[in-house]
Amino acid sequence: MRVLPLLLVGLGLLAPVAATAHPHVWVDGTLTAHLTPQTMIDSVTVEWVFDDAYSAYTLEGRDRNHNGRYEPKELHDLIDGAMDRLVEWRYFTDIRDSQNTRATFAHARDAVASVKDGKLVFTFTLPLATPVAAQGATLRLYDPSFYMDVAPAEQDPVRFDPAGRCQATFHPPPPMQESMLMSESMFRQEVTPETEGSIGLAYAASLSVECSP
């Protein structure tokens, strides 16, 4: 089931690309984990910053009133359509407790598209269906099919609200191999959000959480 190209259409990011290289889109992501008084994560705010090339492609012609800036109404359809399609894919966000049980999310809220330094930015909040203890939790951002490289940002990929009670340690993915530059046929295998052996998960960085007593 190749859903990802359709998802990229919904994101407004599908452009002509080299068919022999993966990924096609690069996204720097940050997570803000919102903590309860019991140090449980009850929601996360996700920010995606898209790469220069796809930002330029997607934003072309969107300044419809030609005032030199992008109004929220000029970008709303981008994020609105993307959120609907990302439900099935768990919003490319993976939160697990210390026992490796994966959290589930309610529908995203407060979704906003904006432009910062010429780059397209998506921001949205994911309420957890059941809060997860922050201590020992593992956080990841990734696309299971690796069509998009959704990865933690280099600077401050995880923040905590309130601050000071927890910190995250970054664990990089294994080195990317030349074999990743393969034909498109390799990536036409069925990939679903539940595919634990997916290429996206294999090359996903992780962030482990430790909290003070």
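User: How do the residues lining the largest pocket divide into nonpolar, polar and charged?

Analyst: The lining of the largest pocket divides into 19 nonpolar, 1 polar and 4 charged residues, where Ala, Val, Leu, Ile, Met, Phe, Trp, Tyr, Cys and Pro count as nonpolar, Asp, Glu, Lys and Arg as charged, and the others, Gly among them, as polar. Please keep in mind that this is a predicted model, in which local features need pLDDT of at least 70 and side-chain atom pairs count only at pLDDT 80 or more, while totals for chains, interfaces and linings use all residues. Residues are numbered from 1 along each chain as its sequence is written, and side-chain values use heavy atoms, with hydrogens and water left out.

User: OK, and what volume does the largest pocket have?

Analyst: Its volume is about 330 Å³, taken as the space filled by probe spheres set on grid points that are joined across faces, edges and corners. A pocket here is an open set of points on a 1 Å grid over the protein atoms alone, where a 1.4 Å probe fits and protein lies on both sides within 12 Å along at least five of seven lines, and a lining residue has an atom within 4 Å of a point.

User: Which residues lie nearest the centre of the largest pocket?

Analyst: Of the 24 lining residues, Asp-149, Ala-151, Pro-152, Pro-173 and Ala-205 lie nearest the centre. The elements that give two or more residues to this lining are strand S1 (25-35) and strand S7 (148-152), and the largest share, 5 residues, comes from S7. Helices (H or I, at least four residues) and strands (E, at least two) are DSSP runs numbered from the N terminus.

User: Stepping back, how many helices and strands are there in the protein?

Analyst: The protein has 4 helices and 10 strands, and from the N terminus on the elements run α-β-β-α-α-β-β-β-β-β-β-β-α-β. Of the contacts (heavy atoms within 4.5 Å) with a separation of 6 or more, 74% are between residues 24 or more positions apart.

User: Switching to the core, which residues touch the most other members?

Analyst: In the largest nonpolar core, which has 44 residues, those are Ile-41, Trp-48 and Phe-122. A nonpolar core is a set of buried Ala, Val, Leu, Ile, Met, Phe, Trp, Tyr and Cys residues joined through side-chain atoms within 4.5 Å. Buried means under 20% relative accessible area, exposed over 50%, and partly exposed in between (1.4 Å probe, protein chains only), and buried residues make up 48% of the 213 residues in the protein.

User: What is Trp-48 in contact with?

Analyst: Leaving aside neighbours within four places in sequence, its contacts include Leu-86, Tyr-91, Phe-92, Phe-122 and Val-150. Phe-92 sits in the loop between H3 and strand S3 (93-96), is buried at 2% relative accessibility, and has a positive phi, near 55 degrees, although it is not a glycine.

User: Now the cysteines: which ones does the disulfide join?

Analyst: The structure holds 1 disulfide, a pair of cysteine sulfur atoms within 2.5 Å, and this one joins Cys-166 to Cys-211 with an S to S distance of 2.1 Å. Cys-166 belongs to strand S9 (residues 166-171) and Cys-211 to strand S10 (residues 206-211), so the pair links distant parts of the chain, 45 residues apart. The torsion about the S-S bond is about 105 degrees, so the disulfide is right-handed. Cys-166 counts as buried at 10% relative accessibility, and Cys-211 counts as buried at 16%.

User: Last one, where is the cis peptide bond?

Analyst: The cis bond joins Asp-161 and Pro-162, with omega about 5 degrees, and Pro-162 lies in the loop between strand S8 (158-161) and S9.
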